[in-house]
Amino acid sequence: MKLSVVGTGYVGLVTGVCLAEIGHHVTCIDIDEIKIEKMKNSIVPIYEPGLTELMTKNMEEDRLVFTANHEEGFKDADIIFIAVGTPENEDGSANLTFVEEVALSIAKTAKKDTIVVTKSTVPVGTNDRLQILINENKLNTIKVEVVSNPEFLREGSAIYDTFYGNRIVIGSNNEKAVQQLTELYKPLAIPIYSTDIRSAEMIKYASNAFLATKISFINEIANICERVGADVEKVAAGMGLDKRIGSAFLKAGIGYGGSCFPKDTKALIQIAGNVAYDFELLRGVVNVNKKQQRMVFEKLVENLGNLQRKKIAVLGLAFKPNTDDIREAPSIIITNELTKAGAYVCAYDPIATENAKKTLDSSIVYAEKLEDAIKDADAAVILTEWSEIKNMDLNIFKSMKYPLVIDGRNIFELSDIKKLQIEYHSIGRSTINSYDQLSLNS
Ligand code: UDX
């Protein structure tokens, strides 16, 4: 089939490349001409493992092309995917300007019957409105059918998720359109769940809100565990054995971040509010996450007191491992608080440093190596569970001025930590302080 994908962010580019890989002819479109030129030269504008190789391969095999021109991009398309951003408005609602601009552009340029597939996360009712917008602005007597097809891709494993996702959701009442999309996705061998447009739109929000709820739930359990002497890692493992609960997304830490959960939870609260429904539970989830993102800072102040001129090693800046994305990452709030408190922040992240430099306070110093960040520090905080940090030689902590480590991701086994002379605080587990004990004994 001949496909066009509008928007070459994480969702659009990964979708376009993967659809080319399964044999379709794909044109990726973006208004950013510089980005398009880069991609024409095999330069991927985002960090996503495996994407450069797959993109280059499909360009070489003539199934993948790029253009900044909508008319040219839509010319032969049987199906057009909308995968542009829906950023957060100030009131938490989703900004639909980009999605609507693309719909209008399709209405004005499409010259043959087309299916328009919305991949972008849009509030319930948006696809119905897009259908009306296109019908009212169509310049040619063609049929355009709008279908909802939300994505469930995780950054860092977006290619894997495209090929091996748990389900493909198609929202449409038009049987022919559903059939055509089923045909398009056939090579993926992923179960297809087809439903009406509004339910499909809601599946996306409800799924992300549910996962965010699991995270805030286990984080609250962790906070209670600390106070009653239980261990949240053991509690989560025991809970996860119940198949009705499941073990995924029960990792306690410093809260969720990224481009989806924070934005989508707030948007769903808005969607409910617009129909006079107070989504109390989800408001709680968002508030708990705000509190949890500050947790490492609170623990640091509790244990170190005044942070003036103290060197704090910040290990990990990305909102999660295997991505360079720091959007809504706990590192933003924590480094802000640290610099406000007069600390000298020395940060290390294997991949996200360039993005961090654009976002975080300019006083932050970036270490080239993990060891350099830790050396002579008054305390170290762990904000992202990168495997490099998880697998580090724990003896490096000996090079600190005082070995106080606050682990926001519970990456080390308490049994390993007990072997060191170190003061170690984590989330929902007991504190280990073998430094003071050992130094008192010696
Ligand atoms: C998410 C959804 O998983 C995906 O389906 C959706 O389409 C987009 O949003 P992503 O934002 O890439 O994907 O990240 P994900 O891997 O889901 O993690 C989200 C956040 O939750 C991260 O900050 C992570 O650190 C945190 N998290 C995740 C926890 O704190 N504990 C967990 O147990 C799992």
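Which domains give residues to the shell around the ligand, and where does the ligand lie relative to them?

Analyst: Keep in mind that this is a predicted model. Domain 1 (2-195) and domain 2 (203-292) both give residues to the shell, so the ligand lies between them. The domain bounds come from an automatic or database domain assignment. In total, 18 residues surround the ligand, and the closest are Glu-155, Lys-251, Tyr-256, Gly-258 and Cys-260. Sorted by class, the shell has nine nonpolar, four polar and five charged residues.

Now for the helices. H9 (residues 197-228) and H12 (residues 280-293) have axes that come within 9 Å and cross at roughly 55 degrees. That angle is why the two count as oblique to each other. The crossing of H9 past H12 is left-handed. On the H9 side, the contact uses Ala-209, Ala-212, Thr-213, Ser-216, Asn-219 and Glu-220, and these meet Leu-281, Leu-282, Val-285, Val-288, Asn-289 and Gln-292 of H12. By class, that contact has six nonpolar, five polar and one charged residues.

Another helix pair is H5 (residues 97-109) with H6 (residues 126-137), packed at about 35 degrees with axes 8 Å apart. Here H5 passes H6 in a right-handed crossing. H5 brings Glu-100, Ala-103, Leu-104, Ile-106, Ala-107 and Lys-108 to the contact, while H6 brings Leu-130, Leu-133, Ile-134 and Asn-137.

How values were computed:
Residues numbered from 1 in each chain as written. Predicted model: local features only at pLDDT ≥ 70, side-chain atom pairs only at ≥ 80, totals over all residues. Axes fitted to C-alpha atoms, helices over the stretch in contact; angles between N-to-C directions. Helix = DSSP H or I, 4+ residues; strand = E, 2+ residues; numbered from the N terminus. Parallel < 35°, antiparallel > 145°, perpendicular 65-115°, else oblique. Left-handed = near helix turned anticlockwise from the far one by under 90°. Contact = placed C-beta atoms within 7 Å. Nonpolar A, V, L, I, M, F, W, Y, C, P; charged D, E, K, R; others polar. Near = placed C-beta within 6 Å.
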